[in-house]
Structures are given as structure tokens and as C-alpha cells.
Amino acid sequence: MSRGNDLRLKLFATGAKAASLYFKVNQEVYFCPLCRRGYLIQAVIDGTLTLEHVPPKSLGGKPLVLTCKDCNSGSGHSIDSAAALREDVESILDVIMGRKEDANPRAAEMIVGGNRVQIRVSRSGGFTELKLVESASKPDALQGAQDVLETHVRNGTGQGEEIRIEVTRKAFHTKAAISDLKTAFLAAFAFFGYRFALHPNLRPVREQILQPDQDIIGNRFHTTLNDEASLKEPTLIAITEPLPCIAAIIGKRIILMPEPHGDRKLYEIVRREDYSKTFKGNALGWPVSMEFRLDRFLARNKSAQMTHNGETARKNATDGD
Ligand SMILES: [Zn+2]
């Protein structure tokens with residue numbers, strides 16, 4: 001059996017154990033946190049339960065949880081490829097703006113003085129090189145762009161007409177944000193467990209991830225932090241103010257999700273114009289494995305209450321670890 005299978009079997013066992021605590025059943029069933037369908041161990045063997053990288057593999061994420069093939073390869077694929085595309089565009093922008101060096105030319109589309117042309121961008125030794133790709137651009141647009149650039153070179157930087165460079169932005173930004181939402185949701189699932197993921201308050205989140213073409217929760221679930229606040233490592237945060245919710249910080253982006261005990265109308269509240277963007281809360285870190293803290297904690301507390309016996313309660317409390 002391959003290493004991928006070993007890992008999936010391990011995740012299955014961890015998930016099924018948490019699910020049995022949540023649903024109070026003894027059968028070994030793993031529930032896909034997105035579509036809530038239950039799977040027996042056969043689903044690991046036949047490949048119906050698949051490894052899900054959080055963040056997506058293309059963005060350097062590691063396998064963290066299992067989701068079913070339908071959720072992973074269907075809508076999941078389209079939102080994750082949008083996130084990869086967005087990363088690509090941002091990386092090209094960094095090269096153009098001189099924030100990053102990359103000697104490998106990257107393909108991009110650029111508008112120079114109203115002319116839409118294909119370019120290749122690279123940056124090394126402190127110089128950004130923009131190369132017009134003749135074969136992929138329309139001849140008159142290419143000529144127009146060349147004229148603008150030559151005028152710019154003749155006049156020198158900072159003089160004459162300002163050059164406008166726009167890297168084309170497409171509809172992938174909405175889908176990329178939904179991919180962030182999936183990353184946030186699955187990380188919170190690994191951290192808290194089924195008691196978080198399957199809670200009715202999280203239903204709009206699951207639906208939005210599974211139907212990225214529909215507008216279910218609006219577009220205010222994500223916002224961008226200012227430069228100083230961005231973090232290198234992704235982090236989950238239990239937000240306490242202005243209203244209790246769970247947030248994930250991924251790079252410069254902050255993604256908001258309802259919490260089981262919070263307001264299920266979170267997204268209606270953040271849609272209001274007067275909504276404050278100043279958040280206060282406690283950093284929780286980022287799960288490196290399925291921790292399922294809520295499922296285990298509540299199971300522990302229950303056994304402690306029921307036994308009235310210090311010894312048994314302590315024993316039960318350590319069983320789950
Ligand atoms: Zn599923």
C-alpha cells in the first residue's frame with residue numbers, strides 16, 4: 001500500500017473517531033466536511049475519499065484532511081485553480097513593481113496606452129524587463145504599445161506622459177476568494193472538528209464552497225489587511241470584537257466564518273456599510289494535523305460529568321489524546 005494510502009487510512013481513523021464522538025455512534029464512518037456524506041473505510045481503498053491539501057497543493061499546502069472525490073475534484077478544482085491563477089498574477093505584479101526578483105520570464109497580458117498586448121516579465125539584478133510577445137499580440141496593438149514605450153524611454157522616467165500598465169484582472173478573483181474560504185473552513189474543521197464544520201451556522205459556508213458560481217454569502221466575507229498586519233504563516237483567529245466569529249489570515253487576506261455559538265447572520269452584518277473592520281481576537285495557530293479540539297473536549301467533559309469519579313474522569317480525559 002502506498003504512503004498516500006497510509007496517510008489516508010490514518011486521517012480516516014482520526015476523523016471517524018471524532019465523528020463517533022459527535023454523532024454518538026460506534027460505527028467507523030468518516031463524514032466529508034463539505035457535503036456531509038458519510039463514508040466507510042472502503043472509500044479510502046477505492047479512492048472515493050481523497051487527500052485535501054490545505055491551502056491547495058499549488059499554493060504549497062500540505063495534506064490535512066479527507067474530502068470526497070466529488071467535492072475535491074468538482075467545484076474544488078475550479079476554485080483552487082483560480083487561487084493559483086491569482087497567485088500568478090500577484091507574483092507578476094510584484095516583479096513589475098520591483099518588489100520581487102524572478103529571472104524566469106512570466107507570461108502576462110498588459111494594456112499600454114490602451115493597447116492590449118501579451119508580454120513576458122522578468123526581473124534580475126534590480127532591473128525589470130518587459131518583453132512584448134510579437135507572435136501572441138495583434139500587430140496594431142503591438143505597434144501602439146511599442147510607440148508608447150519608446151516615447152517613454154526617450155522622455156525618461158518621471159517625465160512626459162505617465163505610462164499605464166494594467167495586468168488584466170478576470171473573474172477569477174471571486175473564485176479565488178472562495179478557495180480561500182475553503183482553506184479557512186477546512187483548517188477550522190481540522191482544528192475544531194465536526195462540531196464546527198457540520199454546525200447549522202456553517203451551512204452557508206459549505207454551500208458557497210460547493211457552489212462557487214452562486215452568490216450565497218456575498219463578497220464581504222474576505223478583506224485585505226494592511227501591509228504591516230500581514231503574517232507569513234497562515235493563522236486561525238477566534239475573533240471577539242466587533243462580533244464573535246472565526247477568522248483565517250492567509251497572507252494579506254482575512255477570511256471570516258460564523259462560529260457555532262456566534263451569530264449565524266454574520267455575513268448579513270458584515271455586508272452593512274457601517275461595519276467596522278477593526279478586529280480583536282486570540283490567535284489559535286494553524287493545525288498541522290486533525291486536532292478536532294471541540295469534539296474531543298466536549299466528549300471529555302461529558303465523561304467527567306457522568307462518572308463523578310476523579311480517577312475515571314482523568315482516565316477518560318487522556319483517552320482521546
Ligand atoms: Zn464531499
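This briefing covers a zinc site, aromatic pairs, a pocket and some backbone features of one structure. The model is predicted, so local features need pLDDT of at least 70 and side-chain atom pairs count only at pLDDT 80 or more, while totals for chains, interfaces and linings use all residues. Residues are numbered from 1 along each chain as its sequence is written, and side-chain values use heavy atoms, with hydrogens and water left out.

**Zinc site**

- The zinc ion has the protein donors C32 (SG), C35 (SG), C68 (SG) and C71 (SG), at 2.3 to 2.4 Å; donors are N, O and S atoms within 2.8 Å of the metal (3.2 Å for Na, K and Ca), and sites may look incomplete because water is not among the atoms.
- Along the chain, these donors follow the spacing C-x2-C-x32-C-x2-C.
- C35 sits in the loop between β1 (30–31) and β2 (38–39), and C71 in helix α3 (residues 69–73), so this pair ties together parts that are 36 residues apart in sequence. Helices (H or I, at least four residues) and strands (E, at least two) are DSSP runs, numbered from the N terminus.
- The arrangement is tetrahedral because the four donor atoms subtend angles of 104 to 119° around the zinc ion; four donors count as tetrahedral if all angles lie between 85 and 135 degrees.
- Ideal angles at a metal are 109.5 degrees for four tetrahedral donors.
- C71 counts as buried because its relative accessibility is 4%; buried means under 20% relative accessible area, exposed over 50%, and partly exposed in between (1.4 Å probe, protein chains only).

**Aromatic pairs**

- The whole structure holds 11 aromatic pairs. Rings of Phe, Tyr and Trp (its six-membered ring) pair if their centres lie within 6.5 Å; planes under 30 degrees apart count as stacked, over 60 as edge-to-face and the rest as tilted.
- Y22 and F23 are edge-to-face, because their ring centres are 4.8 Å apart and their planes stand at 75°.
- F23 is partly exposed, with a relative accessible area of 35%.
- F185 and F196 form a tilted pair, with 6.1 Å centre to centre and 40° between the planes.
- That pair links distant parts of the chain, 11 residues apart: F185 is in helix α6 (residues 172–192) and F196 in helix α7 (residues 194–197).
- F185 is buried at 0% relative accessible area, and F196 is buried at 1%.
- A cluster linked by ring pairs consists of F12, Y22, F23, Y30, F31, F189, Y194 and F292.

**Largest pocket**

- The largest pocket has about 1300 Å³ of space.
- Its lining has 45 residues, and E87, I250, G251, K252 and R253 lie nearest the centre. A pocket is an open set of points on a 1 Å grid over the protein atoms alone, where a 1.4 Å probe fits, with protein on both sides within 12 Å along at least five of seven lines; lining residues have an atom within 4 Å of a point. Grid points are joined across faces, edges and corners, and a volume is the space filled by probe spheres set on the points.

**Backbone features**

- Most residues other than glycine have a negative phi, and most peptide bonds are trans.
- The peptide bond from V54 to P55 is cis, with omega near -10°, and the bond from E241 to P242 is cis, with omega near 5°.
- R36, which is not a glycine, has a positive phi of about 70°; R36 is partly exposed, with a relative accessible area of 46%.
- F292 has a positive phi near 50° and counts as buried at 0% relative accessibility.

Key. Four donors count as tetrahedral if all angles lie between 85 and 135 degrees; four count as square planar and six as octahedral if opposite donors are over 155 degrees apart and all others between 65 and 115; anything else is irregular.
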